[in-house]
Amino acid sequence: MRQDGSMQMAAPQKENADQNFDYMFKLLIIGNSSVGKTSFLFRYADDSFTSAFVSTVGIDFKVKTVYKNDKRIKLQIWDTAGQERYRTITTAYYRGAMGFILMYDITNEESFGAVQDWSTQIKTYSWDNAQVILAGNKCDMEEERVVSVESGKLLAEQLGFEFFETSAKDNINVKQTFERLVDIICDKMSESLETDPAVTTGTQGNARLTDNPPPLQQPNCAC
C-alpha cells in the first residue's frame with residue numbers, strides 16, 4: 001500500500017504471480033459526520049453492526065474481494081471523517097478513487113444540505129470519470145425522517161448520481177449500493193480499449209457481482 005493514498009486503479013494485473021486479483025477499485029464513503037459511514041462499511045465488509053461507533057479520526061479502510069465474470073475484483077473501501085478539521089486529510093485520498101458513496105442521514109437536514117458541497121469536492125479533487133452514488137442512510141428511522149425520498153431522488157437526478165435509501169442497521173440496500181457502484185465503474189471501464197472485456201461486457205450473460213469465487217474448471221483431456 002502506498003502511503004500517499006494515491007493508489008492506481010483499473011489497471012489489469014497481468015503475468016504477476018504476486019497479485020491475487022485482476023482489478024482493484026478504490027472506493028470512498030464520504031459525507032457529514034455521524035451519517036453512518038463507518039456502520040455502512042462494517043455492514044458491507046463484515047456483515048456486522050454496532051451502535052457504539054465513535055467518529056472516525058482521519059481515514060480508515062477495509063478490503064473486500066468480489067467476483068464478476070470469473071474476474072477477481074479487490075475493493076479497497078475508504079471510510080472518511082466528516083468533520084471539517086479532517087477535510088484536508090480526506091480530500092488527499094480522492095485522487096485515484098474510481099467511485100464514491102456520498103451519504104447523508106435522512107433524519108438530519110444539515111447532512112442533506114451538505115451534499116452539494118461534498119459533490120463539489122468530488123469534482124474538484126477526484127478524476128473526471130469517478131462514479132458517484134447518493135445514499136440516504138438510516139431509512140430504518142422512518143419516524144424521525146426529515147428528508148423525503150422524493151427530495152433525495154430529485155437531488156441525485158440534479159447531480160447526475162444514482163440514488164439509494166439505505167440502512168446499515170437493518171441491512172437495507174447496503175450490498176446493492178456497492179454492487180451498483182461496481183457495475184457502473186465496470187461499464188465505464190468497458191469504454192477503454194485497455195480494459196479486459198471479460199469483466200466489463202456481457203460475454204457470459206448478464207453477470208452479477210458475487211462474493212463467491214467461480215467454480216474450478218476441470219482440465220480438458222486430449223487423450
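Guide: A residue is called buried when its relative accessible area is under 20%, exposed when it is over 50%, and partly exposed in between. With that cut-off in hand, Cys-186 counts as buried because its relative accessibility is 0%, and Cys-139, at 15%, counts as buried too. Please keep in mind throughout that this is a predicted model.

Visitor: How many disulfides does the model contain?

Guide: A disulfide is a pair of cysteine sulfur atoms within 2.5 Å, and by that rule the count here is zero.

Visitor: Before we go into details, how many helices and strands does the chain have, and in what order do the elements run?

Guide: The chain has seven helices and six strands, and from the N terminus on the elements follow the order β-α-β-β-α-β-α-α-β-α-β-α-α. Among contacts between residues at least 6 apart in sequence, 71% join residues that are at least 24 apart.

Visitor: How do I read a strand, and is β3 largely enclosed or open?

Guide: In a regular strand the side chains alternate between the two faces of the sheet. As for β3, eight of its ten residues are buried, so the strand is largely enclosed by the rest of the structure. Its partner β1 runs parallel to it, and seven bridges join the two strands; within this pairing, Tyr-23 stands opposite Ile-73 in β3.

Visitor: Which residues touch the most other members of the largest nonpolar core?

Guide: In soluble globular proteins, nonpolar side chains tend to be buried together. In this model the largest nonpolar core has 26 residues, and those touching the most other members are Phe-25, Leu-75 and Phe-178. The elements that each give two or more residues to this core are β1 (23-31), α1 (37-46), β3 (71-80), β4, β5 and α6, and the largest share, eight residues, comes from α6. There is also a second, separate core of 25 residues, which includes Leu-28, Ile-122, Val-132 and Phe-161.

Visitor: Is Phe-61 buried, exposed or partly exposed, and where does it lie?

Guide: Phe-61 is placed in strand β2, and because its relative accessibility is 27%, it counts as partly exposed.

Visitor: What does Ser-119 contact, once its neighbours within four places in sequence are left aside?

Guide: Ser-119 is found in helix α4 (residues 115-125), and at 1% relative accessibility it counts as buried. Leaving aside those neighbours, Ser-119 is in contact with Leu-102, Leu-159 and Phe-161.

Visitor: Let us turn to charged pairs; how many salt bridges are there?

Guide: A salt bridge is counted when a side-chain nitrogen of Lys or Arg lies within 4 Å of a carboxyl oxygen of Asp or Glu, and this rule gives seven of them. One of these joins Asp-183 and Lys-68, with N to O at 3.1 Å. That pair links distant parts of the chain, since Asp-183 belongs to helix α6 (residues 174-189) and Lys-68 to strand β2 (residues 59-68), 115 residues apart. Lys-68 is buried, with a relative accessible area of 7%.

Visitor: Which residue forms a salt bridge with Asp-105?

Guide: The partner of Asp-105 is Lys-138, and their closest N and O atoms are 3.2 Å apart. Asp-105 lies in strand β4 (residues 99-105) and Lys-138 in the loop between β5 (131-137) and α5 (149-159), so the pair ties together parts that are 33 residues apart in sequence. Asp-105 counts as buried, at 5% relative accessibility.

Visitor: And what does the salt bridge between Arg-180 and Glu-162 tie together?

Guide: In this bridge the closest N and O atoms of Arg-180 and Glu-162 are 2.7 Å apart. Arg-180 lies in helix α6 and Glu-162 in strand β6 (residues 162-165), so the pair ties together parts that are 18 residues apart in sequence. Arg-180 is partly exposed, with a relative accessible area of 29%, and Glu-162 counts as partly exposed at 30%. Finally, Glu-142, Arg-145 and Glu-165 are linked in a network of salt bridges.

How values were computed. Residues numbered from 1 in each chain as written. Predicted model: local features only at pLDDT ≥ 70, side-chain atom pairs only at ≥ 80, totals over all residues. Heavy atoms only, no water. Helix = DSSP H or I, 4+ residues; strand = E, 2+ residues; numbered from the N terminus. Buried < 20%, exposed > 50% of the residue type's maximum accessible area, 1.4 Å probe, protein only. Core = buried A, V, L, I, M, F, W, Y, C linked by side-chain atoms within 4.5 Å. Pairing = 2+ DSSP bridges. Contact = heavy atoms within 4.5 Å.
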